[in-house]
Amino acid sequence: MNISRIQENISRQLKALSLLQSLLEEEFSKLSQQDVASITPIELSIQELMRQIVAERKSLKLLIQQINPNATRLHEILPNIEEEARTALDALLQKIKISEGLCNAQAEKNRNIVLALHEQSSKLVAFMQKILTPSHEKFGYSAKGQFVSNSSSPPTLMRGKL
């Protein structure tokens with residue numbers, strides 16, 4: 001029956017969310033260590049896992065609609081399911097809700113550290129540009145046409161005796 005397939009689907013989603021949480025924690029660890037080379041494979045794994053979770057959810061929706069063509073969410077068909085199966089599904093749904101919350105919290109931590117690293121890099125680049133860019137007030141050309149770092153005389157068109 002579709003109820004057992006629904007339970008299997010939700011169990012797979014729960015395992016996928018558990019793996020997602022582990023990957024997010026590993027990504028956070030690599031971000032904290034600023035190990036840039038190892039972040040990309042983790043991020044690709046996260047993206048693939050998210051794609052698989054979306055596919056599972058689409059599959060779940062189709063299973064739900066086989067039971068009730070007008071239903072789109074699991075809670076819409078729960079009242080029509082026998083008590084034992086409903087209790088098992090409720091327990092799985094609670095675990096998924098908790099796991100999604102943990103993944104969300106970890107993703108937010110990762111986001112914050114990425115933004116902090118981006119801000120740090122941006123400020124470092126701005127600082128380096130400021131140091132390397134010559135200031136027009138401190139640099140100029142002398143009357144002899146040589147570049148000097150402290151031009152003491154104001155700029156003029158011509159200098160000399162007439």
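This is a predicted model: local features need pLDDT of at least 70, side-chain atom pairs count only at pLDDT 80 or more; totals for chains, interfaces and linings use all residues.
Trainee: How many helices and strands does the chain have, and in what order do the elements run?

Mentor: The chain has three helices and two strands, and from the N terminus on the order is α-α-α-β-β.

Trainee: Where is Gln34 placed, and what is its phi?

Mentor: Most residues other than glycine have a negative phi. Gln34, which sits in the loop between helix H1 (2–33) and helix H2 (39–67), has a positive phi near 55 degrees although Gln34 is not a glycine.

Trainee: Is Gln21 buried or exposed, and which residues does Gln21 touch?

Mentor: A residue is called buried under 20% relative accessible area, exposed over 50% and partly exposed in between, with a 1.4 Å probe and protein chains only. Gln21, in helix H1, counts as buried because its relative accessibility is 18%. A contact means heavy atoms within 4.5 Å, and Gln21 touches Leu102 and Cys103 when residues up to four places away in sequence are not counted. Over the whole chain of 162 residues, 23% are buried, and of the contacts with a separation of 6 or more, 62% are between residues 24 or more positions apart.

Trainee: Which residues form a nonpolar patch on the surface?

Mentor: Patches are made of residues with over 30% relative accessible area and no salt bridge, where like charges are joined within 9 Å and nonpolar side chains (Val, Leu, Ile, Met, Phe, Trp, Tyr) within 5 Å. A salt bridge, in turn, is a side-chain nitrogen of Lys or Arg within 4 Å of a carboxyl oxygen of Asp or Glu. Here Leu124, Phe127, Met128, Ile131 and Leu132 form the patch, with about 540 Å² of accessible area together, an area that comes from the Shrake-Rupley method with a 1.4 Å probe, where for residues only the protein chains shown count as cover. Leu124 belongs to helix H3 (residues 83–132) and is classed as exposed because its relative accessible area is 52%.

Trainee: How many salt bridges are there, and where do Glu48 and Arg51 lie?

Mentor: The count comes to six salt bridges. In one of them the side chains of Glu48 and Arg51 meet at 2.6 Å, N to O; both residues lie in helix H2, three residues apart, about one turn of the helix. Glu48 is partly exposed, with a relative accessible area of 34%, and Arg51 is also partly exposed, at 48%.

Trainee: What separates Arg86 and Glu83 in helix H3?

Mentor: Because Arg86 and Glu83 are three residues apart in helix H3, about one helical turn separates them, and their side chains meet in a salt bridge of 3.0 Å, N to O. Helix H3 also holds Glu108 and Arg111, three residues apart, whose salt bridge has its closest N and O atoms 3.2 Å apart.

Methods:
Residues are numbered from 1 along each chain as its sequence is written. Side-chain values use heavy atoms; hydrogens and water are left out. Helices (H or I, at least four residues) and strands (E, at least two) are DSSP runs, numbered from the N terminus.
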